[in-house]
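Reader: I'm new to this one and would like to learn how to read its features. Could you walk me through them?

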Amino acid sequence: MSIKKTIVDGVETFEAEIDGETIQWDRGLSYARHLQTETLLNSQIPVSDKPDEMLFIIMHQTMELWIKLAIHEATQAMEHIRADELGRAEKTLDRIATILRHMIHSWEVLATLSPHDFVTFRGFLRKASGFQSHQYRALEFCLGLKRADLVLVHNDDAEKRAQLEKVLHAPSLYDELLRLLARRDFDIPADKLERDFSQSYEPSDAIEDAWLAIYTNPGDDWDLYSLAEKVTAVEYYFQEWRFKHMKTVSRVIGHKTGTGGSSGVNYLVKALDLPFFPELWAMRTRMTAPKEGGNYADDGECPLGH
């Protein structure tokens, strides 16, 4: 097998026939350099000699990567909404929903960790806990669930705390949606448009009315209706991710307290009641279907007349 060497754009380039294919590479950007695979694959550093710890580490590292991408995409979605580019926002929200669906299924890999497997190395983790994931908290803040007290967990890392504080005090995805509704002349209370964004969002009857109007006559504001359904899908899958997390933890450790001191499963159950877009869910209860058709009892006829 021979390798052909040339100079292309000032870079030494190689070419070889391998398995009937002409394969090229050079001394410039390589796959490994682009993806930083050496750094990535050397980032799994167990604190025990137990074989199942590797699964635990890789599972959570990949989850952190997907959360990083979800934050990136949510930031892009907010930029699109601010620019009234709703079609582009929908595409980005679809990607977030797909990421979340992938994350949901990834819990099944961790669920192969039996209770005995986990206790072989759990003691080595000391107080290390997923509760300390600054990215997970940033994603919650970004979507609209602001809880300022949770930043305290990151007091020992000034850089991470500063990053979280920035997201905490910035408008969330839901805040940008409400500003969009206001630009479309819906009656959005002023105190919802300009407020201390670091504070927890309080639902508003007026905003619920606005969403109800959009959903009652979707043809009048189809782009808003369609965007709202994409946003709802993000929370739907996020909540499913939370649920799968809770059930996986329950399967592996039962109702033990978490390594970081939380109540474990009980804490994760409480998280299922924390919404990002409350009025989008609440108005569904108020939607009604008009009474149409006959009583379907006359002459014993089938409703379709067959």
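Reader: Let's start with the second largest pocket. Which residues lie nearest its centre?

Author: The general idea is that rolling a probe the size of a water molecule over the atoms shows where empty space is left. This is a predicted model, and here 20 residues line the second largest pocket, with Ile71, Thr75, Ala138, Gln163 and Val167 nearest its centre. Two or more lining residues come from each of α3, α6 and α7 (158–169). The largest share, 6 residues, belongs to α3.

Reader: How much space lies in that second largest pocket, and what classes of residue make up its lining?

Author: About 470 Å³. The lining splits into 9 nonpolar, 6 polar and 5 charged residues.

Reader: What about the largest pocket: what is its volume?

Author: The largest pocket comes to about 1,400 Å³. It has 46 lining residues, and the closest to the centre are Phe56, His60, Ser129, Gly130 and Phe131. Several helices give at least two residues each to this lining, among them α4 (86–110), α5 (115–122) and α12 (265–271). Again α3 has the largest share, here with 8 residues. Sorted by class, you get 22 nonpolar, 15 polar and 9 charged residues.

Reader: Now a helix, please. Which residues of α10 are buried?

Author: Start with the general idea: an α-helix has 3.6 residues a turn, so residues three or four places apart point the same way. In α10, the buried residues are Ile207, Glu208, Ala210, Trp211, Leu212, Ile214 and Tyr215. Their cover includes α8 (173–183), α9 (190–193), α11 (222–253) and α13 (278–286).

Reader: How far does α10 reach from its first C-alpha to its last, and which residue caps its N-terminal end?

Author: Helix α10 runs over residues 205–216 and reaches 16 Å, close to the 16 Å expected for its 12 residues. The cap is Ser204, which places a side-chain oxygen 3.2 Å from the backbone nitrogen of Ala206.

Reader: One more thing, the backbone angles. What is phi of Asp19 near, and where does Asp19 lie?

Author: Phi of Asp19 is near 50°, a positive value in a residue other than glycine. You'll find Asp19 in the loop between β2 (11–18) and β3 (21–26). Asp19 has a relative accessible area of 77%, so it counts as exposed, the cut-off being over 50%.

Reader: And Arg126: is it buried or exposed?

Author: Exposed, at a relative accessible area of 67%. Arg126 sits in the loop between α5 and α6, and its phi is positive, about 50°, although it is not a glycine.

Technical notes:
Residues are numbered from 1 along each chain as its sequence is written. This is a predicted model: local features need pLDDT of at least 70, side-chain atom pairs count only at pLDDT 80 or more; totals for chains, interfaces and linings use all residues. Side-chain values use heavy atoms; hydrogens and water are left out. Helices (H or I, at least four residues) and strands (E, at least two) are DSSP runs, numbered from the N terminus. The expected span of a helix is 1.5 Å times one less than its number of residues. Buried means under 20% relative accessible area, exposed over 50%, partly exposed in between (1.4 Å probe, protein chains only). Contact means heavy atoms within 4.5 Å. A polar contact is a pair of N or O atoms within 3.5 Å; within protein, one must be able to donate a hydrogen and the other to accept it, and residues adjacent in sequence count only if both atoms are side-chain atoms. On a 1 Å grid over the protein atoms alone, a cavity is a set of points where a 1.4 Å probe fits but cannot get out, and a pocket is an open set with protein on both sides within 12 Å along at least five of seven lines; lining residues have an atom within 4 Å of a point. Grid points are joined across faces, edges and corners, and a volume is the space filled by probe spheres set on the points. Ala, Val, Leu, Ile, Met, Phe, Trp, Tyr, Cys and Pro count as nonpolar, Asp, Glu, Lys and Arg as charged, and the others, Gly among them, as polar.
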